[in-house]
Amino acid sequence: MSIYTKTIAQLAQGLKDKEFSSVEITQHYLERIKKSDLNAFITVTDQLAMKQAQTADGKIAAGTSNILTGIPYAHKDIFCTKGVKTSAGSKMLDNFISPYDATVSHQLNQADTVMLGKVNMDEFAMGSSNESSFYGAVKNPWDTNKIPGGSSGGSAAAVAGGLSCFATGTDTGGSIRQPASLCGITGLKPTYGRVSRYGMIAYASSLDQAGPMTKTAQDAAIVLNAMAGFDEKDSTSAEQYVPDYMANLNDSIKGLTIGLPKEFFSEGLDDDVASQVMNAIKEFETMGAVVKEISLPNSAYAIPTYYIVAPCECSSNLSRLDGVRYGYRCENPKDLEDLYSRSRSEGFGSEVKRRIMIGAYALSAGYYNAYYLKAQKTRHLISEDFKKAFHDVDVIMGPVSPTTAFDLGSVKDSVSMYLADIYTLSANLAGLPAMSIPAGFSNKLPVGLQLIGNYWSESKLLNIAHQFQLQTDWHQQMPQED
Amino acid sequence: MSLSEQEVTQIAYLARLSLSETELKDNTKDLNAILGLAEQLGAIETDGIKPMAHPLHMTQRLRADVVTEEDHSELFQSIAPKIGNKHYLVPTVIE
């Protein structure tokens with residue numbers, strides 16, 4: 001069994017048993033990254049990785065290691081990393097060497113992990129296909145003519161393509177779950193506020209949440225243990241007890257009540273994707289779970305709600321990028337206005353500009369009530385739907401994406417791209433934790449199953465996902481290599 | 001309702017973006033399509049519903065009123081496009 005096929009748990013065991021060293025596994029991954037043509041990485045930090053691997057080997061030898069010591073990972077290029085370029089997939093930050101570490105970067109350093117590099121993403125996390133990156137699209141390891149999903153497309157492709165043992169991702173409207181689904185890996189978006197947003201370049205502050213992208217639910221629990229927790233540097237971080245996410249993985253799920261929202265299985269969902277999802281649900285039934293149809297009546301409004309709320313927040317967040325203090329500045333500005341507007345126009349790509357303008361319009365005098373306030377009210381209704389549903393069920397399940405990965409370059413207009421986010425947006429609007437786990441294949445492309453839990457129920461979601469992965473082998477499939 | 005190219009130019013100005021002629025045409029089309037999507041919200045009854053700004057209904061945390069920030073100005077300015085005398089430099093605003 002080759003190193004790149006191993007999970008965190010397996011690599012940690014191998015390191016402990018001296019089967020291989022962290023330096024060896026790091027070299028193995030760096031060689032695979034060098035040979036890869038997936039365009040998953042923006043920056044490969046090979047020297048730093050080798051240094052971290054040597055330090056990790058020292059700790060393993062000294063007996064002061066933890067489960068993540070010496071495990072290589074790919075870091076989404078949205079997390080600030082001190083002394084390393086942090087681009088957010090944008091020309092605007094192509095020259096930005098972060099002067100500080102994001103809390104997540106710091107936590108993973110503290111856990112003695114090895115950072116292989118910074119991975120590709122849609123520009124400022126705005127996109128569902130990774131095609132809006134300044135650094136070019138990422139290819140799906142299962143079929144290199146297909147998108148990997150987005151915005152954490154580089155993260156998903158790196159894990160699925162065996163270029164990294166695990167990756168970090170961020171999810172504002174599905175950006176962990178959708179690429180995880182399209183690339184056949186496990187992705188977890190925790191409850192809003194569970195993982196610190198400090199140093200995570202903001203897109204939509206009331207929706208953004210970071211989480212792990214891994215091969216298995218067990219690995220996701222290991223990484224979440226390192227990432228979760230209160231951070232006083234993030235004013236939206238929740239002061240909430242952090243359990244050991246490994247502790248309940250083996251609990252029985254007999255009697256678990258699964259809610260299937262009828263709105264998630266209606267028009268627009270590909271038939272084969274629907275049948276793969278239903279097969280997975282049947283598997284849960286044979287494991288002793290009870291299935292119940294539920295309704296989330298306002299879920300159709302998640303798309304217009306999200307595509308007002310998120311652009312409003314983005315237009316505000318991205319106003320800091322003005323060519324004055326860091327990032328891209330245009331050549332020879334003739335005055336201050338010209339400096340602002342040309343730096344921004346030349347530095348941002350088209351999808352980012354579009355969302356900034358939608359936000360600027362929806363927040364402007366005379367339109368605020370009709371758009372932003374209205375969207376905040378529908379957001380409330382969407383979140384109430386979930387509250388009601390969780391009176392009757394333990395977990396909600398359904399598809400992640402209406403189709404499998406589509407062809408690169410095939411979706412040309414924004415609205416069509418937005419419509420594909422239908423099943424993922426509402427968990428962000430409500431702030432709920434949600435996962436994607438591998439659940440089958442359609443035309444040789446992976447299909448993900450979405451699990452949405454109540455607030456702070458990450459342990460439960462990981463337990464449910466782990467139990468499923470004990471009974472199935474979808475998560476063990478990897479793309480064939482030449 | 002639908003946005004004109006003139007209105008889109010004004011929105012771009014508010015966002016401190018300048019659009020080429022092609023960009024203006026494309027964005028007018030795209031922005032109208034996106035706002036068309038947003039019009040769907042008109043169908044939903046929201047009288048008396050409280051707007052939700054934050055998923056956890058949290059209030060802003062307060063901290064003790066003491067200085068905790070260290071001075072990192074040199075480090076932060078090391079990545080600035082243009083500085084002088086510890087200031088960020090921009091084109092002259094007032095002669």
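Me: In what order do the eleven strands of the open sheet in chain A stand?
Reply: In this predicted model, eleven strands of chain A make up an open sheet whose pairing is mixed. From one side to the other, the order is β1-β3-β2-β4-β6-β5-β10-β11-β9-β7-β8.

Me: Which strands of chain A stand at the edges, and why is one side of each left without a neighbour in the sheet?
Reply: An edge strand here has a single partner strand, so one of its sides has no neighbour in the sheet. Across the sheet, the twist from one strand to the next averages 30°. The two edge strands of chain A are β1 (41–44) and β8 (290–294).

Me: Which residue of β6(A) does A:Thr186 stand opposite?
Reply: Strand β5 (residues 186–189) of chain A and strand β6 (residues 209–214) of chain A run antiparallel and are joined by two bridges. In β6(A), the residue opposite A:Thr186 is A:Thr214.

Me: What angle does the direction of helix α3 of chain A make with that of β3(A)?
Reply: Helix α3 (residues 46–62) of chain A packs on the sheet. The strands of chain A that it touches are β1, β2 (72–76) and β3 (114–119). Its direction and that of β3(A) make an angle of about 155°.

Me: Which element gives the most to the side of chain B that touches chain A?
Reply: The contact takes 54 residues from chain A and 38 residues from chain B. The side of chain B that touches chain A divides into 27 nonpolar, seven polar and four charged residues. Elements giving two or more residues to this side are α1 (5–14), α2 (21–38) and α3 (73–77) of chain B. With seven residues, the element that gives the most is α2(B).

Me: How far apart are the end C-alpha atoms of α2(B)?
Reply: α2(B) has 18 residues, which at 1.5 Å a residue should span 26 Å. The model agrees with this expectation, as the end C-alpha atoms are apart by 26 Å.

Key
Residues numbered from 1 in each chain as written. Chains lettered and ligands numbered in written order. Predicted model: local features only at pLDDT ≥ 70, side-chain atom pairs only at ≥ 80, totals over all residues. Pairing = 2+ DSSP bridges. Helix = DSSP H or I, 4+ residues; strand = E, 2+ residues; numbered from the N terminus. Axes fitted to C-alpha atoms, helices over the stretch in contact; angles between N-to-C directions. Contact = placed C-beta atoms within 7 Å. Nonpolar A, V, L, I, M, F, W, Y, C, P; charged D, E, K, R; others polar. Expected span 1.5 Å × (residues − 1).
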